[in-house]
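The following note sets out points on the model shown below. Please read each point alongside the structure.

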Amino acid sequence: MSADLNAPAHPTDAPEAPNRTSVPTPREPDSPTALAAPAAVAHASDRGARIAAVAIALAWHVAIALPAVLSARAEFAAPAVVLGAWILVAVTGAVAGVRLLQGSPLPPWPLAGLLLVVDAAVFAAAGERQLFTAANWVWGTLGWFFVLAVWGRRVVGLIALLSTHALIALVAVLVHGPDPADVARYVMYVYGTFSLPVAVFVGSTVIVGLARERAAVSAAGHAMAAERDAAERGLRERRDRLALVSSAAGRVLGDLAGGQADPDDPEVQRRCMLAAARLRRLIAESDDVPDPLLHELRAAADLAERNGLPIDLVTIGTPPPLPVEVRRRLADPLTGTLADARGWARLTVVSGLDEVVVSLVTPDREGPESTGPPLGEHDDGPVQYLYERDGNIRWAQTRWRR
Amino acid sequence: MGADPVAAVTGDRPVGVAIVDDHPVVVEGVRAWLATEPRLTVLATGDDPDAVLRAAPHADVILLDLRLHGRMALDKLAELSAAGRRVVVYSEHTDPQTMLAALDAGAVAFLAKHEGREHCVETVLAAASDRPYVPPALAGAMVGDPRPDRPMLSDKEREALLLWFQSMSKASVARRMQISEHTVKQYVDRARIKYTRAGRPAATKAALLARAIEDGLVRPEEIGIYRSQATHDRPTP
């Protein structure tokens, strides 16, 4: 498919092109493969963001919160609670991070509930003096663990958790006595704890969405290029066949319509028959049958028979699969002779694995070659053509050799 | 063949023909065809081979419709051929397999019903003298023989068979191959003789072969190598 993208675009050449808008609109992917590609891209992009989020949360928890907790442990109201809560969150956070990276996250709301309980407990155990220091580690760390807990969900959940966290902090601040400086600090801290996690959360969601969209657009572009290519190929084939049909029937029909040809003229009748035989064969050519060559010859024989010519079609063996070009070269030269035939005709096909010989014999009669198959023989690629008349029979033979 | 071959075998007596067919109209038609040839006389007709042969025990040639009362009479054909009866099979079943099976079973010749009077008379006359006659339909079956153990035909033999099948005119084949009509007939007959080794052994095949050697059509050593692999029903030597 990728090669198709490099194909030159011919919007005016391809009226059948399914989508003629100049900017390809990303279509709803309809096949499982079309769905899989953008999803894979989005998944890869999302995985990167998860790793970043887990790393931030654990690094903050270990590198910033832990030293502060340890250095200030004597000054907590209940040091054991603060330290125990730190350990609990460290373990839970590690498990949640690993599960998130494996694609099977822990259930978000129990985890969030646990974190909020820890939040309240640490605020209560930190004491007034440590309320706004780094040792009150829930300020800095917990927001990142909220992000891990509700990863992949709507941002409202995260905002609700952070708001609850802010509420718990507000209660702690008020319980310790409303000092204007503390309230100002509190607003600053809440702003700090909100902004970064929400930014990372929203940013990653947007990036994943963009990646998915771009992949979908790209897949749609591929699909469109392939469709256009197929349409152009179909068009080309139809044009080729139309050219063949025109050369078969166009001129005689034009002459008849223009009055240059007299329908009573035997020569004109013969041209009509030839044109009809070619058309019939061309129609048969596009049929999907197990034995196309015989099918096409039968179509020609059928037409001759309906025009009152007793024709004997004898086949020996089954022709191997032959390209349409070879079949045309085998059948076409005989069509002219068949249109000329009077009295009877014997059409035979002898097929082996490496050779197919088609022969048409009709009684010879006075008069020149009207369809003009050249006497003698010539080679047309892998197909040899022989035509002769000896006063007794007219004998056309085409022979394909592998 | 230049001299009258039939006279050599049968003296002045015309060739006696028995016709076995379950369609009276066909029997009458074939009888009428053969009546145009003074060297042929129809001795008996009927739809039962045994009854016909009881009526005409000295018939020189039996014209046998391969499909009698709805079944293929290949077994009967083999039995008659093994007994040395010259059987010309004629049938509307012109698929190559049937034709080749009839040859294997020992038929002297196979004639498609649509092939007409001339081929019919020629075939019966040739059969009476143990000489091969290959009508165009049979030539087609031989040239398209797909069996792996088919006799090896030379290029000329194959081409002569093919062109004869296509044109039904030995004169045209001769012109196309730039050889004489006599040589065309020789190629075709040689190809036919190579088929005498295929299938079951039959007295008729031996007779065909002997006559072919006698006529100088083939040399005995030429025949030996075309051994059919269809030997399952031959007695072990």
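1. Chain B holds an open sheet of five strands in the order 2-1-3-6-7, paired in the parallel sense. Strands are DSSP E runs of at least two residues, helices are H or I runs of at least four, and both are numbered from the N terminus; two strands pair if DSSP finds at least two bridges between them. Strand 2 (40–46) and strand 7 (109–112) of chain B lie at the edges with a single partner strand each, so one side of each has no neighbour in the sheet. On average, neighbouring strands of this sheet are turned by 25° against each other, direction ignored.

2. The model is predicted: local features need pLDDT of at least 70, side-chain atom pairs count only at pLDDT 80 or more, and totals for chains, interfaces and linings use all residues. Residues are numbered from 1 along each chain as its sequence is written, while chains are lettered from A and ligands numbered from 1 in the order in which they are written.

3. Four parallel bridges join strand 1 (residues 15–20) and strand 3 of chain B. B:V17 has B:V61, in strand 3 of chain B, as its bridge partner. Helix 2 (residues 24–35) of chain B packs on the sheet and touches strand 1, strand 2 and strand 3 of chain B; contact requires C-beta atoms, placed from the backbone, within 7 Å.

4. B:D65 is located in strand 3 (residues 61–65) of chain B. An unreviewed UniProt entry lists B:D65 under "modified residue: 4-aspartylphosphate"; such annotations may be inferred rather than shown by experiment. B:D65 counts as buried because it has 23 C-beta neighbours inside 10 Å, the threshold being 20 or more other C-beta atoms within 10 Å. Neighbours within four places in sequence aside, B:D65 contacts B:V20, B:D21, B:D22, B:V26, B:Y90 and B:S91.

5. The largest nonpolar core has 106 residues, of which B:V17, B:L63, B:V88, B:V89, B:A107 and B:V124 touch the most other members. Such a core is a set of buried Ala, Val, Leu, Ile, Met, Phe, Trp, Tyr and Cys residues joined through C-beta atoms within 7 Å. Helix 9 (residues 292–306) of chain A gives the most to this core, namely eight residues. A second, separate core of 44 residues includes A:V118, A:V122, A:F123 and A:A135.

6. Chain A and chain B each bring 15 residues to their contact. Strand 1 (311–316), strand 2 (345–351), strand 3 (355–363) and strand 6 (393–401) of chain A each supply at least two residues of the side that touches chain B.

Technical notes:
Two residues are in contact if their C-beta atoms, placed from the backbone, lie within 7 Å. A residue is buried if 20 or more other C-beta atoms lie within 10 Å of its own, exposed if 12 or fewer, and partly exposed in between; C-beta atoms are placed from the backbone. Axes are lines fitted to C-alpha atoms, for helices over the stretch in contact, and angles run from 0 to 180 degrees between N-to-C directions.
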